[in-house]
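Visitor: I'd like a tour of this model, and I'd like to know what each label rests on. Where do we begin?

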Amino acid sequence: MTLPTQTDIDFMQQALILASLTAQAGEVPVGAIVVKDGVIIGRGGNAPIGLHDPTAHAEIAAMRDAAQHLGNYRLVDCTLYVTLEPCAMCAGAMQHARIARLVYGASDPKTGACGSVVNLMAEPKLNHHTEAVGGILAQECGAMLSDFFKQRRLTNKQ
């Protein structure tokens, strides 16, 4: 496992910008980017509400964008940055895409599939193992989510 770098922090800040945009659209604020050779090749924000699509998670959108950019569904030698620990669907998609490395912000104690609830990235029976590094800008990522849900609860009370 490699330690996070300043580059990881810089790219996570880019994912946080996407998360902020999704919050403005009324979606749960999760943002994701895919990076290859130091260049962002895919971007995505959460959109299951607006798209009426349970698979419209930020990670899926970013991987779709990156795959279109590369002209290949295999995202070999890519790093995916996401503000929230991926769920099982997204973690599985990363492994199918052959994402080399995952960097995430806040842990998800309810649905996190990279160590919080289960750890699909370390499942020895799977044929690909994405390296996962968590906790990058976790406080900022978690605060954005907490603020969003706090505001939503206040709005629903009115």
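**Labels and what stands behind them**

Guide: Let's start at one spot: L84 stands opposite A106 in β4. Before going on, note that this is a predicted model, where local features need pLDDT of at least 70 and side-chain atom pairs count only at pLDDT 80 or more, while totals for chains, interfaces and linings use all residues. Residues are numbered from 1 along each chain as its sequence is written, and side-chain values use heavy atoms, with hydrogens and water left out.

Visitor: What makes β3 and β4 a pair of strands?

Guide: Two strands pair if DSSP finds at least two bridges between them. Strand β3 and strand β4 (residues 101-106) have five bridges, in the parallel sense, so they qualify. The names come from DSSP runs numbered from the N terminus: helices are H or I with at least four residues, strands are E with at least two.

Visitor: How many strands form the sheet, and in what order?

Guide: Five, in the order β2-β1-β3-β4-β5, making an open sheet with mixed pairing.

Visitor: Why are β2 and β5 said to stand at the edges?

Guide: Each has a single partner strand, so one side of β2 and one side of β5 (131-133) are left without a neighbour in the sheet. From one strand to the next, the twist averages 20°. Angles here run from 0 to 180 degrees between N-to-C directions, with axes fitted to C-alpha atoms, for helices over the stretch in contact.

Visitor: Which strands does β1 pair with, and in what sense?

Guide: β1 pairs with β2 (residues 39-45) over six bridges in the antiparallel sense, and I33 stands opposite R43 in β2. The hairpin of β1 and β2 has two residues between the strands, and D37 there takes a positive phi near 55°. Five bridges join β1 to β3 (residues 78-84), also running antiparallel, with K36 opposite C78 in β3.

Visitor: How do you know that A32 is buried?

Guide: Buried means under 20% relative accessible area, exposed means over 50%, and partly exposed is in between (1.4 Å probe, protein chains only). A32 has 0%, so it's buried. It sits in β1 (residues 31-36), where five of the six residues are buried. Leaving aside neighbours within four places in sequence, A32 is in contact (heavy atoms within 4.5 Å) with residues including L18, R43, A62 and Y81. A32 and A62 are 30 residues apart in sequence and 5.9 Å apart in space, C-alpha to C-alpha.

Visitor: Why is α1 called roughly parallel to α5?

Guide: Helix α1 (residues 6-24) and helix α5 (residues 138-157) pack at about 5°, with their axes 11 Å apart. Under 35 degrees counts as roughly parallel, over 145 as roughly antiparallel, 65 to 115 as roughly perpendicular and the rest as oblique, so α1 is roughly parallel to α5. In this packing, M12, L16, A19, S20 and A23 in α1 meet E140, C141, M144 and F148 in α5.

Visitor: What makes two rings an aromatic pair?

Guide: Rings of Phe, Tyr and Trp (its six-membered ring) pair if their centres lie within 6.5 Å; planes under 30 degrees apart count as stacked, over 60 as edge-to-face and the rest as tilted. That rule gives two pairs. F11 and Y81 have 5.3 Å centre to centre and 40° between the planes, so that pair is tilted. F11 in α1 and Y81 in β3 are 70 residues apart. Both are buried, F11 at 12% and Y81 at 3%.

Visitor: Why is the pair of F148 and F149 called edge-to-face?

Guide: Their centres are 5.2 Å apart and their planes at 80°, so the pair is edge-to-face. F148 is buried at 13%, while F149, at 31%, falls in the partly exposed class.

Visitor: How do you know whether H52 counts as buried or exposed?

Guide: H52 has 72% relative accessibility, so it's exposed. H52 is found in the loop between α2 (48-51) and α3, and has a positive phi of about 55° although it is not a glycine.

Visitor: Where is D77, and what is its phi?

Guide: D77 is in the loop between α3 and β3, with a positive phi near 65°. At 55% relative accessible area, D77 is exposed.
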